[in-house]
2 protein chains.
Amino acid sequence: LSVTHTSTAEFVPFGDTIASARRGPRRTVAVVWPHDLESLRGALDARTQFGVEPLLVGQPAAILALLDQLRVGEDRPRIVPAASDVEAASSAVALVHAGEADILMKGHLHSDDFLRPILHKERGLRLNRLMSHVFACAVPPSTYHKTLYITDAAFNVAPDLAAKRSILQNAIDFVHLLGCERPKVAILAAVESVNPAMPATVDAAALTAMARRGQITGGVVDGPLAFDNAVSLRCAQGKGIDSPVAGDPDIMLVPTIEVGNIMYKQLVHFCGAIAPGIVLGARAPVLLTSRSEPAAARTAALAIAAVIAGANR
Amino acid sequence: LSVTHTSTAEFVPFGDTIASARRGPRRTVAVVWPHDLESLRGALDARTQFGVEPLLVGQPAAILALLDQLRVGEDRPRIVPAASDVEAASSAVALVHAGEADILMKGHLHSDDFLRPILHKERGLRLNRLMSHVFACAVPPSTYHKTLYITDAAFNVAPDLAAKRSILQNAIDFVHLLGCERPKVAILAAVESVNPAMPATVDAAALTAMARRGQITGGVVDGPLAFDNAVSLRCAQGKGIDSPVAGDPDIMLVPTIEVGNIMYKQLVHFCGAIAPGIVLGARAPVLLTSRSEPAAARTAALAIAAVIAGANR
């Protein structure tokens, strides 16, 4: 009810997604080793705002002490005891398999320890597809007119063409679940022409052809595009580029982790973006929160995860 | 005189550089094939603002018609006749060798045609060092507190460690000429720890060690740094990173052309940056202007080139 008076001029990051999460089925998030205030705050905010139920997997005494600091009294979330961060990660995966958790969120532990049981070949949460990462970057309207989805900026380091195809399909399927029915996808490179000396441009051309042949479905895909041609129709037209994506992309597929990671961090630090990230392609949405992540991004990540949870079960 | 009342709160891109160009020796720029209004405007603005003298290398009749359109009357720049764009590029290089031109600027022709005679092994403008590119990105103070130099975002596609060393040294020597005496350099990667699976982090560590051993001189170099640790001291401290560069880099060395190109275009299109580019390491500064480049960036590029011209003769 508090988001009914939004206008396009206001910057209300993920207001629609939070509203969808509130309307949707009640989801449970296993927070792995929530042994710091930030991890707990994000999960508790999500419970208050849109009813995602936290399951806190860690040492009960330590967690209770933190909950006291946050003045959470009678309505404490359930705690699933775990003796170590590594054990907490394994337990959380088991909770997903048991149907008790719909979403996994990293708390105060190393990403490697968090991911190891998720990636385990038999007992993990892998499906028959590549896992990949998307940052959903909500930016002020003065920066760009809609949310920009950047992939893969955190999980696959230097994907080959086959991996890029999977990363792109994961991202398209993902934004469909968020209500973006026919996303426009810009395959980014340094230039907009195919240059044999720049493998990113060759892969971009191949991905565009794949989309035309039905090997990638559900979006309007074009590349290679340089960043200026991608975001500015005027720039594209000035260069004589006829692209159904130019000026209006929803998704940007980047050639390497460095490109995407630096892009999204520049959006956050220089443009005021809120950029929740999510790992796709697993049995449950996986949230790789980082220590420096603001509460708004953590909460938004949980809202996104709540909306898409259940799609891969 | 018109730049005396600048304060740090105003955004006057390259005001100091333009003032230096005005005070310095009179320079001549050979504009190669200036067969469009934009190419001429940049050069004419530079003449008016800080006295760089254009030499227009192209077809006299076509150039005169354009000058008429711009209402340039008696005080026309000198025209050096050339029958084709390819011939114009060669003639401009010869003008540098003859001491008649101090700066080369691309007009309305393909970059490859412009660069071929510059890169020629015997008759070109190569020195005994790698040529590389820097974008000088002047951003509003609300974005970042000083000019950010990004290298290499336009010339070297996927430099190896030896090339990165040269690119970095070129950039440090360059900013010295602009009055930045001991630049801080962030070697960017996706993460701030050395990860054997991410070659950009390994190269960053090697470059940092090179600087410590005197193999790179004149700057304070640190990496690998992720973008957030590089630009935000708070982020760096939050991760326990002790870096003399964090929060205050002048130069950012990027691992590939895609990273730098997308970074600088994001600064231009999303942050309002003015980002003149310049090719370093040749006998004369070389300006690779692009069609979509605004006049302010072309003029600033000429001011920078005027200030550094003569350093490599």
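Student: What should I keep in mind about the numbering and the model?
Tutor: Residues are numbered from 1 along each chain as its sequence is written, and chains are lettered from A and ligands numbered from 1 in the order in which they are written. This is a predicted model in which local features need pLDDT of at least 70, side-chain atom pairs count only at pLDDT 80 or more, and totals for chains, interfaces and linings use all residues, while side-chain values use heavy atoms, with hydrogens and water left out.

Student: OK, how many residues of chain B are in contact with chain A?
Tutor: Taking contact as heavy atoms within 4.5 Å, 32 residues of chain B touch 32 residues of chain A.

Student: And what area is buried between chain B and chain A?
Tutor: About 3100 Å² is buried, with 71% of that given by carbon and sulfur atoms; buried area here is the accessible area (1.4 Å probe) that two parts lose on being put together, summed over both.

Student: How many salt bridges are found across that interface?
Tutor: The rule finds two, a salt bridge being a side-chain nitrogen of Lys or Arg within 4 Å of a carboxyl oxygen of Asp or Glu. B:K265 forms a salt bridge with A:D228, where the closest N and O atoms are 3.5 Å apart.

Student: Which element supplies the largest share of chain B's side?
Tutor: That is α10(B), which supplies 12 residues of the side touching chain A; helices here are DSSP runs (H or I, at least four residues), as are strands (E, at least two), numbered from the N terminus.

Student: Changing topic, how many salt bridges are there over all chains?
Tutor: By this rule the count is 28. In chain A, A:R78 pairs with A:E100, their closest N and O atoms being 3.2 Å apart, and this links strand β3 to the loop between α4 and β4, 22 residues apart.

Student: What about A:D203 and A:K164?
Tutor: Their side chains meet in a salt bridge at 2.8 Å, N to O, joining helix α7 and helix α6 of chain A across 39 residues.

Student: Is A:K164 buried or exposed?
Tutor: A:K164 counts as buried because its relative accessibility is 5%, and A:D203 is also buried, at 16%; buried means under 20% relative accessible area, exposed over 50% and partly exposed in between (1.4 Å probe, protein chains only).
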